[in-house]
Amino acid sequence: MKLERYSYMKRNRIKAFFDHFPDSPVIFSKIGSYYFVYVIQWSEYDPIVLRRDLEEMEWLINKELGFSEEYINRRSHRNN
């Protein structure tokens, strides 16, 4: 999956589009220091979104914003 484009919104949110889901914008919300999926405006023309897709989307947006190492090593993720 590849991050196609993103734009900033109000209230520390980001709207992003991914090549695997071109018709379904994904809204991310900043929680603490990182961005997590807030809502997907899912289109019936796109494939079903799986949990691994959500995790990859979060990693890609945080990587684009320069938080990739910190995001991967965050404490809540290590405890899972």
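**Stop one: a salt bridge in the helix**

Select E55 and R51: the two form a salt bridge, with their closest N and O atoms 3.2 Å apart. A salt bridge here is a side-chain nitrogen of Lys or Arg within 4 Å of a carboxyl oxygen of Asp or Glu. By this rule the count comes to one. Before going on, note that this is a predicted model, in which local features need pLDDT of at least 70 and side-chain atom pairs count only at pLDDT 80 or more, while totals for chains, interfaces and linings use all residues. Residues are numbered from 1 along each chain as its sequence is written, and side-chain values use heavy atoms, with hydrogens and water left out.

Both partners lie in helix α1, four residues apart, about one turn of the helix. Helices (H or I, at least four residues) and strands (E, at least two) are DSSP runs, numbered from the N terminus. An α-helix has 3.6 residues a turn, so residues three or four places apart point the same way. The cut-offs are under 20% for buried, over 50% for exposed and partly exposed in between (1.4 Å probe, protein chains only).

**Stop two: the rest of α1**

Now select residues 51-64, the whole of α1. At 1.5 Å a residue, its 14 residues should span 20 Å, and the end C-alpha atoms are 20 Å apart, which agrees. The expected span is 1.5 Å times one less than the number of residues. Which residues of α1 are buried? Colour D53, M57, E58, L60, I61 and N62.

Zoom in on D53. This residue is buried yet has no salt bridge, and the nearest side chain of opposite charge, R52, is 4.6 Å away. Charges are assigned simply: Lys and Arg are positive, Asp and Glu negative, and His and the chain ends are not counted. Not counting residues up to four places away in sequence, D53 touches M1, F21 and I48; contact means heavy atoms within 4.5 Å. Just after the helix, click G66, which takes a positive phi of about 90 degrees.

**Stop three: K2**

Jump to K2, in the segment before β1 (3-8). Leaving aside neighbours within four places in sequence, K2 is in contact with F17, F18, D19 and L60. Draw a C-alpha distance from K2 to F21: they are 19 residues apart along the chain and separated by 9.7 Å.

**Stop four: aromatic rings**

Rings of Phe, Tyr and Trp (its six-membered ring) pair if their centres lie within 6.5 Å; planes under 30 degrees apart count as stacked, over 60 as edge-to-face and the rest as tilted. How many aromatic pairs does this rule give? The count comes to two. Y6 and Y8 have ring centres 6.0 Å apart and planes at 80 degrees, so the pair is edge-to-face. Y6 is partly exposed at 30% relative accessibility, and Y8 is exposed at 56%.

Then pick F18 and F28, an edge-to-face pair at 6.2 Å centre to centre and 65 degrees between the planes. F18 lies in strand β2 (residues 13-18) and F28 in strand β3 (residues 21-31), so the pair ties together parts that are 10 residues apart in sequence. F18 is buried at 1% relative accessibility, as is F28 at 0%.

**Last stop: charges over rings**

Show R5 with F17: the charged end of R5 sits over the ring, 4.1 Å from its centre. R13 lies over the face of Y38, at 4.0 Å from the ring centre. The test is NZ of Lys or CZ of Arg within 6 Å of the ring centre and within 35 degrees of the ring normal.
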